[in-house]
Amino acid sequence: PYLFNYVKGEEWRTQVETGRCLQRHFTTSAGGLPGNDDTGTISAWLVMTMLGFYPDCPGSLNYAVTAPTFRKAVIKTSTPYYPGKEIVIERGNSDTSARIIRDFSLNGKKQKTFFISHRDLINGGHLYFNFDDPAQEKINFNYCDESISNRDIGAAVLWSNRLRAKR
């Protein structure tokens, strides 16, 4: 979902899609963690997305930005390795149902793109998000409903494992 950040004017789609993925696939039910999380990749995606940024391209020193789900989060850094003592991520709106970022700033400087550099993050500071009023959001958040359920995917995996076992 982060690739929409690369298309000027379509960044809102990243925010909608990451929110949709979080609501639909990460729950407290038995199937609340999609896929196999043996190496922690899915959990890392979840945590980074909930914080509001994600390293979408291996080898890049930039993070793609999306709407954080927390009202406020503080990341303490290890000062022997990182110059900043902490990174504070904060939503300007107390209403966490707001999904579309109006603008955001890092240390009071308004950002021009939906990316943050690793260098800026490790220097610490305050990442502040302002959101559009949810009542003003005229977006159909269900525009991309899934046609395949988690149950269907699980059945396909079981079927393919049985085929491999017969070989």
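Gln-15 lies in helix H1, which spans residues 11-25, where helices (H or I, at least four residues) and strands (E, at least two) are DSSP runs numbered from the N terminus. The model is predicted, and local features need pLDDT of at least 70, side-chain atom pairs count only at pLDDT 80 or more, and totals for chains, interfaces and linings use all residues. Residues are numbered from 1 along each chain as its sequence is written, and side-chain values use heavy atoms, with hydrogens and water left out.

**Gln-15 and its surroundings**

- With a relative accessible area of 2%, Gln-15 is buried, a word that stands for under 20% relative accessible area, while exposed stands for over 50% and partly exposed for values in between (1.4 Å probe, protein chains only).
- Not counting residues up to four places away in sequence, Gln-15 touches Thr-66, Ala-67, Arg-99, Ile-100, Ile-101 and Phe-114, where a contact means heavy atoms within 4.5 Å.

**Helix H2**

- Helix H2 covers residues 41-51, and its residues Trp-45, Leu-46, Thr-49 and Leu-51 are buried.
- The buried residues of H2 pack against H1 and also against strand E1 (53-54), strand E3 (72-76) and strand E4 (86-91).
- Gly-52, which comes just after H2, takes a positive phi of about 110°.

**Aromatic rings**

- A search of the whole structure finds 7 aromatic pairs, and rings of Phe, Tyr and Trp (its six-membered ring) pair if their centres lie within 6.5 Å, with planes under 30 degrees apart counted as stacked, over 60 as edge-to-face and the rest as tilted.
- The rings of Tyr-2 and Tyr-54 form a stacked pair, because their centres are 5.3 Å apart and their planes stand at 20°.
- This pair links distant parts of the chain, since Tyr-2 belongs to the segment before H1 and Tyr-54 to strand E1, 52 residues apart.
- Tyr-2 is itself buried, with a relative accessible area of 4%.
- The rings of Tyr-6 and Phe-115 have their centres 4.8 Å apart and their planes at 55°, so this pair is tilted.
- Here too distant parts of the chain are linked, with Tyr-6 in the segment before H1 and Phe-115 in strand E7 (residues 115-117), 109 residues apart.
- Tyr-6 counts as partly exposed at 46% relative accessibility, whereas Phe-115 counts as buried at 18%.

**A cluster and a charge**

- Phe-104, Phe-114, Phe-129 and Phe-131 are linked into a cluster by ring pairs.
- The charged end of Arg-91 sits over the ring of Phe-131, 3.9 Å from its centre, a description that applies if NZ of Lys or CZ of Arg is within 6 Å of the ring centre and within 35 degrees of the ring normal.
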